[in-house]
Amino acid sequence: MAMTPKEVLDFAKKNKAVLVDLKFIDFPGVWQHFSVPIDQIGESTFEEGLGFDGSSIRGWQAINASDMLIVPDPATAIMDPFRKYPTLSLVCNIIDPVTKEPYSRDPRYIAKKAEMYLKSTGVADTAFFGPEAEFFIFDDIRFDQNSHSGYYFLDSNEGIWNSGRQENPNLGYKPRHKEGYFPVPPTDSQEDLRAEMVDYMKRCGLTVEAQHHEVATAGQGEIDLKFSPLTSMADGLLLFKYIIKNVAVKNGKTATFMPKPIFGDNGSGMHVHQSLWKDGKPLFAGKEYAGLSKLALNYIGGILKHAPALAALTNPTTNSYKRLVPGYEAPVNLAYSARNRSASIRIPMYSASPKAKRVEVRFPDPSCNPYLAFTAMLMAGLDGIENKIDPGSPFDKDLYELPAEELAKIPQMPGALDKALDNLEKDHKFLLKGNVFTEDALETWMAYKRKNEVDALRLRPHPYEFFLYYDI
């Protein structure tokens, strides 16, 4: 049960908190924070908020309109498990101090508007999301880029490239490329580390369904969270990332959710399970293909139709498209299927229960801002329901093995971030319904990504270009 402001303060006192850490999400999708002594927080803080400089946050206010308010959400209260001094942690919403209205570029507010819009449609009252975020745990990472050099070096004691390294002694048991799914220890050397992460997650109120090594060598892992409503799931995913990174550092390691850090092995995706419910009843179960309802098929139709635009929010980094490459492991083909993991949308068939009926969108990756990515997928699905979009015939063949002429008939995800942003620019009216996204938020997103990521990468020579072209 969510706590009231008074109950939060009593909870903090019971746990001898001396600080309150106020966390919020920036535009690209990374938690930001500042802390205040516990005596600076009262019940009124949960209504009036505290001031901070919004001009220093990526994609937010101009310096001449920088004052913003941060208002904590009492439902998110936990004790931060990593701080030296007892610290109450609160996730916050952002308010404009002049209008007293929620800030239109606050991703958490966009997600909350999506949940309100869903109810207003009468289609459903709850959208459940369940992400499977993959990640890498490395032992060392170094990188730099300047006017005359650029490099990265990463390492993992698990990396197969270290099978010949003198380790005095080298005991072997390093998973080969694409063979990390999922041998027992000692080949899986990070079972205890992931178990520690799960323990912290449970202590912080997250419900974990499973954890395991993933396909790649060099410490790729996955921990699955139980589904929950959209905004709370986005809150949970950020807490999940926070815990994984801090437990890794606590153990002298480093964790990353970068989609494709290793060449020649699997990247990290984030399959997102989703379903709609109304009055406590699941709406995706029915008598159509794979036990789906017509409503669920229309939802899939909306996702498939808008996927090239969704990519700018679900796969929002230039590195995302090192994973989304045709012919490799990531599902780039815009098709749906039961059980078939080569399709971009899969209908899991593990259970016959109507409550378990859901769709799994497989192209997103964990570099996304979850508030924006979950919201965008929900809005695409609702557009499919509203317009009764037919998803076409399912593909139960292995799409990786299709003849070229047959594969050419299947639409694909964009091949680069700039292409995804172009698609979003052309196709975003479905996101504006109910004022869920605003034109300002989307324009700011596209401008930020083009200037700070697409152009920034385009301007810099790539190390491999020297291999290809230096002797021209």
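Asp422 and Arg450 pair up in a salt bridge, with their closest N and O atoms 3.0 Å apart; the term here means a side-chain nitrogen of Lys or Arg within 4 Å of a carboxyl oxygen of Asp or Glu. Asp422 sits in helix α10 (residues 417-426) and Arg450 in helix α12 (residues 439-458), so this pair ties together parts 28 residues apart in sequence. Helices are DSSP runs of H or I with at least four residues and strands are E runs of at least two, numbered from the N terminus.

Asp422 is partly exposed, at 33% relative accessible area, and Arg450 is too, at 23%. (Buried is under 20%, exposed over 50%, partly exposed in between, using a 1.4 Å probe and protein chains only.)

## About the model

This is a predicted model, where local features need pLDDT of at least 70 and side-chain atom pairs count only at pLDDT 80 or more, while totals for chains, interfaces and linings use all residues. Residues are numbered from 1 along each chain as its sequence is written, and side-chain values use heavy atoms, leaving out hydrogens and water.

## Other salt bridges

Searching the whole structure turns up 27 salt bridges. One of them links Arg58 to Asp26, closest N and O atoms 2.8 Å apart. Arg58 lies in the loop between β3 (50-53) and β4 (67-72), Asp26 in the loop between β1 (19-25) and β2 (31-37), so parts 32 residues apart in sequence get tied together. Asp26 is buried at 1% relative accessibility, whereas Arg58 is partly exposed at 36%.
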